[in-house]
Amino acid sequence: MKTVLVFAPHPDDAEYYAGGTLALMAQQGNRVVIVTVTSGDKGSYRHTSAELAALRREEAKKAAEILGAAEILFLGHHDQELDLLPSGTLREQFTRLIRQYQPDVLVAEDVRFTEEPHPDHRAVARAAADAVSYASLPLMYPEHAEAGLNPHFVTEKLFYSESPALTDKVIDITATFERKMQALAAHQSQVEFLVEDILQQAEIAGLGSHELVAAARQDPLAALTLVIHQQAAAAGSRAGYALGEAFRYERFHPIVESLLIS
Ligand SMILES: [Zn+2]
């Protein structure tokens, strides 16, 4: 049994980017732990931030349960404000969590994806890369040792991004796509918000009466499923699977990797 630690900027990111993979890992008996970094309290046109944070916490718990995750943690930072935290805050928190959970696998956004538009995603990708690189050094945060936490090297890293060019490993999610979508559907406030956000732009573009726009307004989940299914089909086709999720897979230092191959 492996422990899989996921750093998700917002309550729905683990499901959106890696839900099929996480469901598969959980089904295979591995222990999946999702760390939700912000409360996602800016993603709505209708709720107050406080209402939304409470709602999304419940949605995330439900989604984690559907994925089969063993645990979900909430760090409680505000949405869109990770770059306002004192420098190094997330790096220390992530290092502490890596030492606490001693994961075999880490899942996070790829810091090499420099086109990432969301500041929270950039902050989590950066801090995850920093933490996973140095959590094995005992002189980093010696106060962790005083709290009984041991340094830890994470062997397998799965980094997701919106750039297929950065990815080199496709996981077959054909059997768990349905579960991924059920988990995403549990984020009901976000299914509505994501589609509404796009529809508002469609209205501005004068496409308000387009049949696809009307259909999406009628059934936001169906519209989202269509888009995610297309993405999964594109990723899967690169490895001969019907549906897939793509990652950049990293294990050891390149020197160690070259010795393993030779
Ligand atoms: Zn996000």
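A residue is called buried if 20 or more other C-beta atoms lie within 10 Å of its own, exposed if 12 or fewer do, and partly exposed in between, with the C-beta atoms placed from the backbone. Keep that in mind for the views below. This is a predicted model, in which local features need pLDDT of at least 70 and side-chain atom pairs count only at pLDDT 80 or more, while totals for chains, interfaces and linings use all residues. Residues are numbered from 1 along each chain as its sequence is written.

**View 1. Phe-159 sits in strand β5.** Phe-159 counts as buried because it has 25 C-beta neighbours inside 10 Å. Leaving out residues up to four places away in sequence, Phe-159 touches Ala-108, Glu-109, Asp-110, Phe-247, Arg-248 and Glu-250; a contact here means that two C-beta atoms, placed from the backbone, lie within 7 Å. Thr-89 is 70 residues from Phe-159 along the chain, and their C-alpha atoms are separated by 21 Å.

**View 2. Seven strands make an open, mixed sheet.** Strands (E, at least two residues) and helices (H or I, at least four) are DSSP runs numbered from the N terminus. At its edges are β3 (71–77) and β6 (169–172), each pairing on one side only. Two strands pair if DSSP finds at least two bridges between them. From one strand to the next, the twist averages 25°; angles run from 0 to 180 degrees between N-to-C directions, using axes that are lines fitted to C-alpha atoms, for helices over the stretch in contact.

**View 3. Strands β1 and β4 run parallel.** Three bridges join β1 (residues 3–8) to β4 (residues 105–109). Which residue of β4 is the bridge partner of Val-4? The partner is Val-105.

**View 4. Stepping back, the chain has ten helices and seven strands.** Its C-alpha trace spans about 60 × 45 × 35 Å along the principal axes. Of the 262 residues, 43% count as buried. Among contacts with a separation of 6 or more, 78% join residues 24 or more positions apart.
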